[in-house]
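Biologist: Please walk me through a few features of this model. I would like the general idea and then the case at hand.

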Amino acid sequence: MNETSLEILRHSAAHIMAQAVQELFPGVKLGIGPAIESGFYYDFDLPEKLTPEDLLKIETRMEQIIKEQHKFIRQELPKAEALKLFDERGEKYKVEIINDLDAPTVSIYKHDKFIDLCRGPHLEHTGQLKAFKLLSIAGAYWRGIETNPMMQRIYATAFESKKELDDYLKNLEEAKKRDHRKLGKELDLFSLHEEAGAGFVYYHPKGAIVRSLIEDFLKKENAKRGYELVYIPHIAKIDLWNTSGHTNYYRENMYFMKIDEQDYVVKPMNCPGHILIFNRKTISYRDLPVRYFELGTVYRYEKSGVLHGLLRVRGFTQDDAHIFCSGEQLKDEIKKVIDFVFSAMKDFGFADAAIELSTRPKDSIGSDEDWDKATSALEDSLKEKGLEYEINSGDGAFYGPKIDIKLKDALKRKWQCATIQCDFALPARFDLKYIDSEGKEKQPVMLHRVILGSLERFLGALLEHYAAAFPLWLAPVQAMIIPVRKEDEPYAGQVKERLILAGLRVELDASNETLTKRIRNAEVEKHPYIIVVGSKEAKENKIALRKRGLGDQGQIDLEEFINKAKIEITNKQ
Ligand SMILES: [Zn+2]
Ligand SMILES: [Zn+2]
């Protein structure tokens, strides 16, 4: 056991919260109450529905328990005794957990009149909890199984100091304001339509602009690095997926269909398609590495309960590539992909990332030896690049280990984006070959990699990272043109035409609102520039420029603005 002091604090807070709930709602049955990354929760089975007002009452009671400084006391009990204890208290869920435990004794923790089944460790006494806050109530099935009773989960958080708690709560407020679902609606970027199927995204014209800009970026950057663009069909016969192992190891995420009485699969991944292209001809060692890139749309079944805006969907497009190389080229290719990720990250304005290395899962294909080789190729590459990483044990794909590079946004939240998987298994299953320098057949290694990952999720991350204030190169509308009066509309129209001709994305607001109101509207929509034109500007072929976040920039020559904007776009500022 190596809980951090913060985890111990939070888990102790969960005990205190459970005591308060037990006192305020007699008859409640306790589930579990672990510390989590953002705080802690506790699951309760109780007949009445908890309300936000209840949370306040629970907090008040917790304050008293904290003030009374009750000691946390650990006790070891023989299993039978513990069963009796919790049975008498009517804690059927605890009884269930104890019954599942494979140990002669179990430990319990007491403080005041509260007893919980627990491994510990805990704080010394309740008075050490200085800063906590109950946050929300959610439904949660006991042990996450849908046929089990639905419990009420109280999410809460705790920190070592009031200052850290306040910062966290402020961050949480800011995150709510940046929710990509809210921003996507306000900026008219995309929608999801329950009536057409949950988890499928519809891009509106402005959202489509941002997406196509990201796609253009990807096509250019991949081509620069020796990737060749390919396209593959969205459905393929089941045989292909039997060979790849997907029907065995990925079945629950796949959609099946029939054509001419034959079984087909809607692609959940692009790998087998790219393999077919690789396998079409004899490949020499001189051709390697072969790098196929695709903006590949995939369809994966996700439970309806986990669908979430653009982040968890049932159909999405990956910036997917497969690199076929020799064993000698492997590490070099991995390192190039890592460089690609960090370069793209910088272009999109992300300054920080967290790296994880995921190892062999229980259900997987391939030999131990190949898994070892693949894992050390990934790990050595990270080490040689001098990058810090965490090990995510057993979280690799069924065909190989992987590196995940998670971007940290403006609020320090992590976003799953880049993945690099090393795979010896699929080349073997598809009997891939190349001819080496001595004319002998050899098996290539495969790297599966995405740089931004799912374009849908990446758009969600971008929206929340920038709070919809996109940099100029990504903004769907780069400048809003506003004529001062009706008479200024012809010149405003000329400015618009000139800017469009220069390749800029602009709109003209000639609505009947007042000038102040139109400027305000354009500011709310977070366009990088607002261009105001009146008779004075018309006479001198100038514009009055306002820059987002900086306000009035004064008058500027129209051509000068175009040049400045182009530089800003090139530099991705
Ligand atoms: Zn505990
Ligand atoms: Zn793949």
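Biologist: Where does Pro121 lie?

Modeller: Start with how elements are named: helices (H or I, at least four residues) and strands (E, at least two) are DSSP runs, numbered from the N terminus. Pro121 sits in the loop between strand 6 (114–117) and strand 7 (131–141). The peptide bond that joins Gly120 and Pro121 is cis, with omega about -5°. Keep in mind that this is a predicted model, where local features need pLDDT of at least 70, side-chain atom pairs count only at pLDDT 80 or more, and totals for chains, interfaces and linings use all residues. Residues are numbered from 1 along each chain as its sequence is written, chains are lettered from A and ligands numbered from 1 in the order in which they are written, and side-chain values use heavy atoms, with hydrogens and water left out.

Biologist: Which peptide bond is cis with omega near -5°?

Modeller: The one from Leu288 to Pro289. Pro289 is in the loop between helix 10 (271–278) and strand 15 (290–299).

Biologist: Now a charged side chain. Where is Arg449, and what is the nearest side chain of opposite charge?

Modeller: Arg449 lies in strand 23 (residues 445–454). For charge, Lys and Arg count as positive and Asp and Glu as negative; His and the chain ends are not counted. A salt bridge needs a side-chain nitrogen of Lys or Arg within 4 Å of a carboxyl oxygen of Asp or Glu. Arg449 is buried yet has no salt bridge; Asp319 is the nearest side chain of opposite charge, 4.5 Å away.

Biologist: Which polar contact joins the side chain of Arg449 to another side chain?

Modeller: First, the criterion: a polar contact is a pair of N or O atoms within 3.5 Å; within protein, one must be able to donate a hydrogen and the other to accept it, and residues adjacent in sequence count only if both atoms are side-chain atoms. The side chains of Arg449 and Asn222 are joined by one of 2.9 Å. The Arg449 side chain also reaches the backbone oxygen of Asp319, at 3.0 Å.

Biologist: What does Arg449 touch?

Modeller: Contact means heavy atoms within 4.5 Å. Leaving out residues up to four places away in sequence, Arg449 touches several residues, including Tyr227, Phe293, Asp320, Phe340 and Ile420.

Biologist: Where is Ile338, and what does Ile338 touch?

Modeller: Ile338 is in helix 11 (residues 330–347). At 1% relative accessibility, Ile338 counts as buried. With residues up to four places away in sequence not counted, Ile338 touches Ser381, Leu382, Lys385, Leu387, Ile403 and Ile420.

Biologist: Last, the whole protein. How many helices and strands are there?

Modeller: There are 18 helices and 28 strands. Buried residues make up 51% of the 573 residues. Among contacts between residues at least 6 apart in sequence, 70% join residues at least 24 apart.

Definitions and conventions
Buried means under 20% relative accessible area, exposed over 50%, partly exposed in between (1.4 Å probe, protein chains only).
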